[in-house]
Amino acid sequence: MGQIEQGEGRFYIAGDGKDLAEITYRTEEATGNWVIDHTFVSEDLRGQGAGEKLVRAVVDKARAEQVKIVPQCPYAAHQFKIHAEYGDVLSS
């Protein structure tokens, strides 16, 4: 699995000139919260924890910037359910 890269409103793992995995988020204007709206993991990386690492990358950045997260996409929402330690950045 490649390195996690950071772009504008996203983290991704690239390989062979294409994105192998990606998570995207946008800032909610009213609250300043980040809304995770999409997670994608290609067949090449399935089962290797790529999606989990991408969610953790957004969580770590949110902690550093003291921002709350709204996990809108089903995958991110599931990760927040199984990782109680993400509670500090979960928007209520």
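Contact means heavy atoms within 4.5 Å. The model is predicted: local features need pLDDT of at least 70, side-chain atom pairs count only at pLDDT 80 or more, and totals for chains, interfaces and linings use all residues. Residues are numbered from 1 along each chain as its sequence is written, and side-chain values use heavy atoms, with hydrogens and water left out.

**Exercise 1. Overall fold**

Task: State what share of the contacts with a separation of 6 or more comes from residues 24 or more positions apart, and describe the chain as a whole.

Solution. 
- Step one: take the contacts. Residues 24 or more positions apart account for 46% of those with a separation of 6 or more.
- Step two: list the elements. Helices (H or I, at least four residues) and strands (E, at least two) are DSSP runs, numbered from the N terminus. The protein chain has two helices and five strands. Their order along the sequence is β-β-β-β-α-β-α.
- Step three: test the size. The radius of gyration is taken over C-alpha atoms, and the globule rule is 2.2 Å times the number of residues to the power 0.38. For 92 residues, a compact globule would have a value near 12 Å; the protein chain has 13 Å, which agrees. Along the principal axes, the C-alpha atoms fill a box of roughly 40 × 25 × 20 Å.
- Step four: check burial. Buried means under 20% relative accessible area, exposed over 50%, partly exposed in between (1.4 Å probe, protein chains only). Of the 92 residues, 41% count as buried.

**Exercise 2. Helix α1**

Solution. 
- Step one: set the rule.
- Step three: pick out the buried positions. In α1 these are A50, G51, L54, V55, A57, V58, V59 and A62.
- Step four: name the partners.

**Exercise 3. Positive phi and loops**

Task: Where do D16 and Q66 lie, and are they buried or exposed?

Solution. 
- Step one: recall the background. Most residues other than glycine have a negative phi.
- Step two: take D16. Its phi is positive, about 50 degrees, although D16 is not a glycine. D16 sits in the loop between β2 and β3. Its relative accessibility is 77%, so D16 counts as exposed.
- Step three: take Q66. Just after α1, Q66 has a positive phi of about 55 degrees. The loop between α1 and β5 holds Q66. With a relative accessible area of 78%, Q66 is exposed.
- E43 is in the loop between β4 and α1. E43 is exposed at 63% relative accessible area.

**Exercise 4. Aromatic rings**

Task: How many aromatic pairs does a search of the whole structure find?

Solution. 
- Rings of Phe, Tyr and Trp (its six-membered ring) pair if their centres lie within 6.5 Å; planes under 30 degrees apart count as stacked, over 60 as edge-to-face and the rest as tilted.
- Step two: count. The search finds three aromatic pairs.
- Step three: classify F80 and Y86. They are 5.4 Å apart centre to centre, with 65 degrees between the planes, and so form an edge-to-face pair.
- Step four: check their burial. F80 is buried at 8% relative accessible area. Y86 is buried at 2%.
- Step five: find the cluster. F11, Y25 and W34 form one aromatic cluster.
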